[in-house]
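Welcome, and thanks for taking a look at this one with us. Please have the sequence and the structure open side by side as you read the short report below.

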Amino acid sequence: MNDRAAAFDVERARRETPGVERVVHLNNAGAALMPDVVLSAMVGHLEREAAIGGYEAAADAADAVEHTYDAIARLLNCARDELAIVENATRAWDMAFYAIPFEPGDRILTSAAEYESTYVAFLQVCRRTGATVEIVPSDPTGQVSVEALEAMVDDRVRLISLTHVPTNGGLVNPAAEVGRVARRHGIPFLLDACQSAGQLPLDVEELGCDILSATGRKYLRGPRGTGFLYVRRSLIGQLEPPLLDLHAAEWVARDEYRIRPDARRFENWETNYAAKIALGVAVDYALGWGSEAIWDRVQGLGAALRERLARVPGVTVLDVGGVRCGIVSFSCDGLEGAAVQRRLRADAINVSVSPRRYTRIDMEDRGLAEVVRASVHYYNTESELDRLAERLDRLRQAI
Ligand SMILES: Cc1ncc(COP(=O)(O)O)c(C=O)c1O
């Protein structure tokens, strides 16, 4: 691990994370452990709702609710009116994607690492509109090939849509380079930052993306049921949301409605205020550690885990990509993913399993039916990684 990663105040991070007392949590790509400040913001607001009424509690907490937009704007380097806060990353992504008016012959260029929900949406929209979705080949490292992308661009390309970090492994796609291609050709660029938000620095200007979707519960350590969408201001007016309500639009005359001008047109009215406030606290908390410091630490731990797993007989690390993150994917000879997950869970070690269907194109290309996924966060320790490796070694020997 490099010096900066080693200098991270892990003890403080663990003191502020109640869950580390109970579990070795290596399912941060599923949902990370919330720090205590996030938990108390959430519980505190729920208690206010119970004590004085939900609408009244929301009115009293209006500043905290609004602050969440400011916090995310700082995280992404965008403006608060370019943000919508919704239930999850998929809904954020959908609200923008389904707003794009595709026409027959339009092309969507995407990567091999796309997530199931995203790809299903591509298929549905292509069936409805006559657009096509095409996979940009990967380069020899396994990341999307920027050269191949450049060669595929023509004037029918309506959207470039990319997963930054896929659900099934350590790959970090070269999003900023893809963004430069998109900008050069004036093509809208949609970035699925669900697994990268909170894990590595995100700056929408550097990334060159026009739309970005993310979730709260993963590397940002926010509560479940939170997500957000960034849409570049110049694009907002061109995107009519697929669903409208009285928050997204106003009923201005008997036969007329007016869609609001900012990105909140992609939100809906009723929301989980406790979670929304707690999401802002989570983002502030992440910013307090610093995106670069988090990234150094997570990347260092990811590499340290790969080294350990590579030494366990019968365990194969499966990550690809020129740059690798804190998501570590592997298989264990003779053991199904579900069995590995179950047996580790019995030892209070949390990992998850990513089946083929979640990232079908990449998994089929690599001949994989599933991978076991151990995803580290900055509060994990090297001794937790040792514990995982030792336990896997024992599982393998017991076969
Ligand atoms: C790469 C990627 N994109 C999108 C999603 C969907 O996120 P959510 O479950 O918040 O809708 C996930 C969830 O795991 C993911 O890994």
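## A286 and its surroundings

Let's begin with A286: beyond its neighbours within four places in sequence, A286 is in contact with L220 and I294. Please keep in mind that this is a predicted model.

A286 belongs to helix 12, which covers residues 273–289. With a relative accessibility of 7%, A286 counts as buried, because buried means under 20% relative accessible area. The pair A286 and L75 is worth a look too: 211 residues separate them in sequence, while their C-alpha atoms are 8.7 Å apart in space.

Most residues other than glycine have a negative phi.

R221 has a positive phi, near 65 degrees, and is not a glycine. You will find R221 in the loop that runs between strand 7 (211–215) and strand 8 (227–231). N77 is another non-glycine residue with a positive phi, in this case about 60 degrees. The loop that holds N77 lies between helix 5 (62–76) and strand 2 (83–86).

## Buried or partly exposed?

N77 has a relative accessible area of 40%, so N77 is partly exposed.

How values were computed
Residues numbered from 1 in each chain as written. Predicted model: local features only at pLDDT ≥ 70, side-chain atom pairs only at ≥ 80, totals over all residues. Heavy atoms only, no water. Helix = DSSP H or I, 4+ residues; strand = E, 2+ residues; numbered from the N terminus. Buried < 20%, exposed > 50% of the residue type's maximum accessible area, 1.4 Å probe, protein only. Contact = heavy atoms within 4.5 Å.
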